[in-house]
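This report describes a single protein chain, moving from its overall form to selected residues. Please consult the sequence and the coordinates alongside the text.

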Amino acid sequence: MNWTALTVFVVLFGFVTVLGFYAARWRRGDLDRLDEWGLAGRRFGTLVTWFLLGGDLYTAYTFIAVPALVFGAGAIGFFALPYTIVVYPLVLVVFPRLWSVAHRHGYITAADFVQGRYESRLLAVLIAVTGILATMPYIALQLVGIEVVIAAMGLHGTGLVGELPLIVAFAILAAYTYTSGLRAPASIAIVKDVLIYGTVIAAVIVIPVELGGYSHVFSAVDPKKLILPHPPAGSWGAYSAYATLAFGSALSLFLYPHSVTGVLSASSRRAVRRNAALLPAYTFVLGLIALLGYMAVASGVAHMPRFKPYFEQFGPNFAVPALFLHYFPSWFAGVAFAAIAIGALVPAAIMSIAAANLFTRNIYRPYLRPDCTPKQESGTAKLVSLVVKVGALAFILFLPLKYAIQLQLLGGVWIIQTLPAIMIGLYTRWLHRWALALGWLAGMVSGTWMVAAIHFKGTVYPLEVAGLTIPAYAALYSLLINLAVAVLLTPLLDGFGVGRGRDETEAADYRGRAPAEAEAPGDADWEAPSLRTGEA
């Protein structure tokens, strides 16, 4: 038992617990309303939104899994860097439009927007169900980070007794999320980011110095792991896999419900755009975090006798905790472990809130309780957020970890199928609502089949075309099938006179405020749309 690390960990964890409960008083609103509980009243400015989205997107699993992938597989693990670079120009262009139309009509979820845009409850339900399915395993994987650092401090055992610290941590998370809503993870995200930045900067300075410099770190790594392997003749090999993983992940990241929740909680369209410019700072830190994988290889921590049992249990996921235990004093290791654990609580809270918003707004209210009051709606969302957390915890406690990983891989393939209805729908309504639903079905089936065909060992599907093998992210292949079905069926459905439904939005809803209404010259939230909304 590492008592020093454990003490520091408990103190910091206790501090964020108090902060989580106190957050209910922060920018106080009526938490019996779903927009106040689930979106914090849309009051977060640029800085708070930056911390919230950073805590939401760069999770504890990222802190553990990215270095683990670099440690085990090498350069392919760095695909996370271009993907988080590509995504922010996309956010800058697309998501201010989503914020504007959601703010204008009171939409709380992306499925709300789809319902209003296409007047299709079916399509809205498909978007909601897809979001919930993609989010659940994502929450479960956040627990892996907590589980690893708890074991690193010596808290381990068999059965439920051994999992008791994890259960307690998630019970605390459930309690302050229930009482404070989105305000809790937003306030805790600030603490989490300060800890993460501090520990990462210390690690990338101290560990290489101990190892003799970065030149020694890279020279100690197998040269085959420093670059992508050259593809054999007749194949694009790792090149196409790397590029499509990065691009496909960029397309899907802000379609996840927790990302949409972070965007819609912003106080203005301008705050969303500013965050698209500021969030790449996290990508810089992510690059430093990825380098920890090479440092773990160079240090040989996997072969040290005291760490071998942990590597046997957690595999490469123990690389980062091993580095902190080996190269830093116990008190600093406690700070690092607290950063990882808190980094799991923030996204887990936001994800559970986002899933609860989807269920309540797009399944419970329209189908089960159309006449529910705002207080009943908010109360249901709070209960569902608890159920979601309990489900994620049960997944980790009673099922093999590989199932959560497999479902999370599928989650990326599934969530990208909502792109035509959401992203394309923000610019044009040309695609028919029934064509979108059938395209979604085709994408879900084909994407799931591709991942199953490679036995759930990854998401890179080797497509063979005219004797050429093109390994690529299955999500992109299935998205192309989705789009092809939607585009081909749209004129057919229009030709048969199948109704399109009424669009409750207008072109001006997507633009923000007009220049005359801006707060100051040159600081307007308004911008002309790239396409005339509602026209082909």
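The sections below treat the overall fold, the charged residues, and then individual positions in helices and loops.

## Overall architecture

The model is a predicted one. Its chain contains 24 helices and two strands. The radius of gyration is 23 Å, close to the 24 Å that the globule rule gives for 536 residues, so the chain is as compact as a globular protein of that length. The C-alpha trace extends over about 70 × 65 × 50 Å along its principal axes.

Of the 536 residues, 59% count as buried. When contacts between residues at least 6 apart in sequence are considered, 83% of them join residues at least 24 apart. The accessible surface of the chain amounts to about 20,800 Å², and carbon and sulfur atoms contribute 68% of that area.

## Charge and salt bridges

Side chains of opposite charge can pair when their charged atoms come close. Across the whole structure, a search finds 12 salt bridges. One network of such bridges links Asp112, Arg361, Arg365 and Glu377.

Asp35 meets Arg33 with an N to O distance of 3.7 Å. Both partners are partly exposed: Asp35 has a relative accessible area of 24%, and Arg33 has 40%. Glu36 is bridged to Arg43, with the closest N and O atoms 2.9 Å apart. Here the two ends fall into separate classes, as Glu36 is buried with a relative accessible area of 8%, whereas Arg43 is partly exposed at 33%.

Another bridge joins Asp371 to Arg369, whose closest N and O atoms are 3.5 Å apart. Asp371 counts as exposed at 60% relative accessibility, while Arg369 counts as partly exposed at 32%.

## Asn357 in helix α19

Helix α19 covers residues 330–368 and includes Asn357. The relative accessible area of Asn357 is 0%, and the residue is therefore classed as buried, the limit for that class being under 20%.

Which residues contact Asn357, apart from its neighbours within four places in sequence? They are Leu34, Trp37, Gly38, Ile108, Thr109, Thr261 and Asn362.

Pro82 belongs to helix α5, which spans residues 80–105. With a relative accessible area of 26%, Pro82 is partly exposed. Beyond its neighbours within four places in sequence, Pro82 is in contact with Tyr242 and Ala246. The C-alpha atoms of Pro82 and Leu245 are 9.6 Å apart in space, although 163 residues separate them in sequence.

Leu419 is part of helix α22, residues 419–422. This leucine counts as buried, at 7% relative accessibility. Its contacts, again leaving aside neighbours within four places in sequence, are with Leu251, Leu255, Ile424 and Leu479. Leu419 and Asn482 are 63 residues apart in sequence, and their C-alpha atoms are 9.6 Å apart in space.

## Loop residues with positive phi

Most residues other than glycine have a negative phi. Where does His455, which has a positive phi of about 60°, lie in the chain? His455 is found in the loop that runs between helix α23 (433–453) and strand β1 (460–465). The relative accessible area of His455 is 58%, and the residue is exposed.

Ala466 also has a positive phi, of about 50°, and is likewise not a glycine. It is located in the loop between β1 and β2, the latter covering 468–473.

Key:
Residues numbered from 1 in each chain as written. Predicted model: local features only at pLDDT ≥ 70, side-chain atom pairs only at ≥ 80, totals over all residues. Heavy atoms only, no water. Helix = DSSP H or I, 4+ residues; strand = E, 2+ residues; numbered from the N terminus. Rg over C-alpha atoms; globule rule 2.2 N^0.38 Å. Buried < 20%, exposed > 50% of the residue type's maximum accessible area, 1.4 Å probe, protein only. Contact = heavy atoms within 4.5 Å. Areas by Shrake-Rupley, 256 points an atom, 1.4 Å probe, with all protein chains shown as cover. Salt bridge = Lys/Arg side-chain N within 4 Å of Asp/Glu carboxyl O.
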